[in-house]
Amino acid sequence: MIKISTDIDFAVQLLNNEKIIGFPTETVYGLAGNIFSEKAINRIFETKQRPKFNPLIIHIANIEQLEQLAIEIPEKAKQLAKAFWPGSLTLLLRKHPSVTDLITAGKPTVAVRIPNHPIALEILNALDFPLAAPSANPFGSISPTTANHVADFFPTEIDAVFDGGECQNGIESTIVGFDNENVIVYRLGAIAVEDIEAVIGKVKVFNADDIAPNAPGMLKKHYSPKTNFVFTSEVENEIKKYQNKRIGVLSFDKNYESQSIAVLKILSVSSNFKEASQKLYAAMHQLDKENLDLIIAEKFPDKGLGKSINDRLKRAAEE
Ligand code: TXA
Ligand code: MG
């Protein structure tokens, strides 16, 4: 059985022995292993049932470690690292030959970030290798934001998850890549596009409707509950369509009243995007356990973190 632990030495011991662990970051919990252990990396893919064409993000303790992983780092990447690390920004950089194709899925780029969570940093600082860590959920399902979410997903598959409480940001990191002078946001995430633009100027946001060959992880269907899931800006109209059903509503800030609503989750009564993103996945996990016929999720205002949240809700609703 999986242990929910707070013993950092135990985490370090497992990782030094090529095991994989659940570990907290400020975005979501990760499923972490030694980037130089083929055994550990293979275990990550097997445990998540993740296709091998989908590359992993590498987590480092400090910016000095970047030199072992990436080459030809663009000036704008350095500016972004300086502004946001440790934090929820993942940089796609030209990979160093020492990084295996297993991690990058054979791509010329490697994804790297320094997480901003005291336990993640403590673990990383105690190791002499970086950690590869995708989100600690089975491929395609809702990402975990508590140690219990991880334990529920992998009760026997991994030895331990390290408890760092609820993730402060609650959605995955924003992924940014570079194409000559252009900066491209490949995955909307916990750092708003506007905040990135404040540091380096205009960026291109990759069209989330396409599945681009150079961002295989941006799958159309993702972050999905088992319950039918509808994403709409017309919540009231949608509710009317399902009179005799048990409905769950995931609302940004509004209170909805109807006989058919069995469970209502309001993510932020004060209309705060940050609070809403922090609570998003936990609310989705809870709604998914309520034996509902349908979950209706409200579309957020399309700006700031609202954009990132809409991206996740839209993918959750894909058939
Ligand atoms: O916040 C996060 O980023 C969390 C925490 C644990 O750090 N991690 C996370 O990992 O969300 P994952 O594996 O669930 O999502 C990583 C995404 C995938 O869409 C993957 O395809 C993309 O990053 N990615 C990783 N390496 C890449 C590369 N070299 N080129 C393009 N995309 C890459
Ligand atoms: Mg993921």
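The following legends describe close-up views of a predicted model.

**Figure 1. The two domains of the protein.** Domain 1 covers residues 3-205, and domain 2 covers residues 229-317. Taken over C-alpha atoms, the centres of domain 1 and domain 2 are separated by 28 Å. In the contact between them, 23 residues come from domain 1 and 17 residues from domain 2.

**Figure 2. The area buried between domain 1 and domain 2.** The size of an interface is often expressed as the accessible area that is lost when the parts come together. Here the buried area is about 1600 Å², and carbon and sulfur atoms give 55% of this value. On the side of domain 1, Ile-142, Ile-171 and Leu-188 supply 37% of the area buried against domain 2, which is more than any other three residues.

**Figure 3. Polar and charged pairs across the domain interface.** Between domain 1 and domain 2 there are 9 residue pairs in polar contact, counted where both residues have pLDDT 80 or more. The interface of the two domains also holds 2 salt bridges. Elsewhere in the view, the side of domain 1 that touches domain 2 receives its greatest contribution from helix H6 (residues 147-153), with 3 residues. By class, this side of domain 1 consists of 10 nonpolar, 8 polar and 5 charged residues.

**Figure 4. The salt bridge of Arg-312 and Glu-172.** Arg-312 is paired with Glu-172 in a salt bridge. The closest N and O atoms of this pair are 3.0 Å apart.

**Figure 5. The surroundings of ligand 1.** There are 24 residues around ligand 1, of which Thr-27, Arg-50, Asn-54, His-59 and Ser-173 come nearest. An N or O atom in the side chain of His-59 is 2.6 Å from an oxygen atom of the ligand. For Ser-135, a polar side-chain atom lies 2.9 Å from an oxygen atom of ligand 1. The side chain of Arg-187 likewise has an N or O atom 2.9 Å from an oxygen atom of ligand 1.

Figure 6. The structure holds 14 salt bridges, and one of them joins the side chains of Arg-113 and Glu-26 at 2.8 Å, N to O. Arg-113 belongs to strand S7 (residues 109-113), whereas Glu-26 is in the loop between strand S2 (21-23) and strand S3 (30-34). The two residues are 87 residues apart in the chain.

Figure 7. Most peptide bonds are trans, and most residues other than glycine have a negative phi. The peptide bond from Trp-85 to Pro-86, however, is cis, with omega near -5°. Pro-86 is located in the loop between helix H3 (75-84) and strand S6 (89-95). Ala-105, a residue other than glycine, has a positive phi near 55°. Ala-105 lies in the loop that runs between helix H4 (101-104) and S7.

Note on methods. Residues numbered from 1 in each chain as written. Chains lettered and ligands numbered in written order. Predicted model: local features only at pLDDT ≥ 70, side-chain atom pairs only at ≥ 80, totals over all residues. Heavy atoms only, no water. Domains from an automatic or database assignment. Contact = heavy atoms within 4.5 Å. Buried area = accessible area lost by both parts, 1.4 Å probe. Salt bridge = Lys/Arg side-chain N within 4 Å of Asp/Glu carboxyl O. Polar contact = N/O pair within 3.5 Å; in protein donor to acceptor, adjacent residues only side chain to side chain. Helix = DSSP H or I, 4+ residues; strand = E, 2+ residues; numbered from the N terminus. Nonpolar A, V, L, I, M, F, W, Y, C, P; charged D, E, K, R; others polar. Near = heavy atom within 4 Å.
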